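Visitor: I am new to this structure. Please take me through how to read its features one at a time.

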Amino acid sequence: MRLSFKQVDAFSADAFKGNPAAVFVSSEPLPDILMQDIAMEMNLSETAFLVPQQEENHYSLRWFTPKAEVDLCGHATLASAHALWEDQFVAQNATIVFHSKSGLLHVGSQDGWIQMDFPLEGQTDVATFEEEALLKKALGISLSSVVRNRLDFLVELESASDLARVAPDFNMLKQLNARGVIVTAFSDNPSYDFMSRGFFPAVGIDEDPVTGSAHCFLADYWHRKLKKTNFTAYQGACRGGVLKLSLLPEDRVLLCGQAVTTVRGELSI
């Protein structure tokens, strides 16, 4: 069996920045174990698998890290839409509807930016005393606040300089009952409203360059804090990427980013 794929740098208009994802499009669903093996072989934070549905421009979409399937992934969704438009599976001006474990995701484009309509993942609880103590020790820095949702912990730090120097103990972070830990701070760069980093060692990703799904939580958090509904955000300590965010009615958020293809290949199985 030979499977064509492409690798796309998401949340960046330039190669070698943003967050790379592999995208596979197949006419029929692949076995779960094969998708997991392929994701392990690709060794990227996420690999996306697409299968066309009966309705025009509808695709099933599943996301795998090298270690596990995940329920929601922004950058690999953005990469998938970019790949479908670029290879003319879908007309450039057409909206794509992805069927995912997090429901239907509508993706369109405007002025060179890919727009993803995602569920807002708001706060569901605060951290317990034990969880906050573990996070403080694992991150090695003072914490301003710690909250969580169904997926992740979100930790606000006192400054962007604190954010830049966080060096987590990833083995300690694995002890938390969560997909990962998002660390954020108010931006010291006037081009951005806030900045963040994302750590997901429990699913095989120590630090994710740019995490679209994390911004479903960050948008809600900073909306409550800054009383704004539109943001420009930056994530990353190394490659980094830029997102534009807009809160929508009915607990939705529009995540906007750019993408560029860097690799085209064929996997032999």
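Guide: On a 1 Å grid over the protein atoms alone, a cavity is a set of points where a 1.4 Å probe fits but cannot get out, and lining residues have an atom within 4 Å of a point. Grid points are joined across faces, edges and corners, and a volume is the space filled by probe spheres set on the points. This is a predicted model: local features need pLDDT of at least 70, side-chain atom pairs count only at pLDDT 80 or more, and totals for chains, interfaces and linings use all residues. Residues are numbered from 1 along each chain as its sequence is written, and side-chain values use heavy atoms, with hydrogens and water left out.

Visitor: How many cavities of 30 Å³ or more does the structure hold?

Guide: Rolling a probe the size of a water molecule over the atoms shows where empty space is left. Here there are two cavities of 30 Å³ or more.

Visitor: Which residues are closest to the centre of the largest cavity?

Guide: They are Glu46, Arg179, Asp208, Thr211 and Ser213, out of 16 lining residues. Helix H2 (74-86) and strand E14 (205-208) each give at least two residues to this lining. Helices (H or I, at least four residues) and strands (E, at least two) are DSSP runs, numbered from the N terminus. The lining of the second largest cavity includes Arg179, Leu173 and Phe199.

Visitor: How is a salt bridge read, and how many are found?

Guide: Side chains of opposite charge can pair when their charged atoms come close. The term means a side-chain nitrogen of Lys or Arg within 4 Å of a carboxyl oxygen of Asp or Glu. The whole structure has 17 salt bridges. In one of them, aspartate 117 pairs with arginine 252 at 2.8 Å, N to O. Aspartate 117 is in strand E8 (residues 113-119) and arginine 252 in strand E17 (residues 252-257), so this pair ties together parts 135 residues apart in sequence.

Visitor: What does glutamate 121 pair with?

Guide: Its partner is arginine 150, at 2.9 Å, N to O. Glutamate 121 lies in the loop between E8 and strand E9 (125-126), and arginine 150 in the loop between strand E10 (145-148) and strand E11 (152-156), so the pair ties together parts 29 residues apart in sequence.

Visitor: Is glutamate 121 buried or exposed?

Guide: Buried means under 20% relative accessible area, exposed over 50%, and partly exposed in between (1.4 Å probe, protein chains only). Glutamate 121 is buried, at 9%, while arginine 150 is partly exposed, at 45%.

Visitor: Which residues have the most contacts inside the largest nonpolar core?

Guide: In soluble globular proteins, nonpolar side chains tend to be buried together. A nonpolar core is a set of buried Ala, Val, Leu, Ile, Met, Phe, Trp, Tyr and Cys residues joined through side-chain atoms within 4.5 Å. The largest has 49 residues, and those with the most contacts inside it are Trp63, Ile96, Phe98, Ile114, Met116, Phe118 and Leu245. Contact means heavy atoms within 4.5 Å. Leaving aside neighbours within four places in sequence, methionine 116 is in contact with residues including Phe11, Thr77 and Leu254.

Visitor: Where is threonine 77 found?

Guide: Threonine 77 is in helix H2 and is buried, with a relative accessible area of 0%. Beyond its neighbours within four places in sequence, threonine 77 is in contact with Trp63, Phe98, Met116 and Phe118, among others.

Notes: On a 1 Å grid over the protein atoms alone, a cavity is a set of points where a 1.4 Å probe fits but cannot get out, and a pocket is an open set with protein on both sides within 12 Å along at least five of seven lines; lining residues have an atom within 4 Å of a point.
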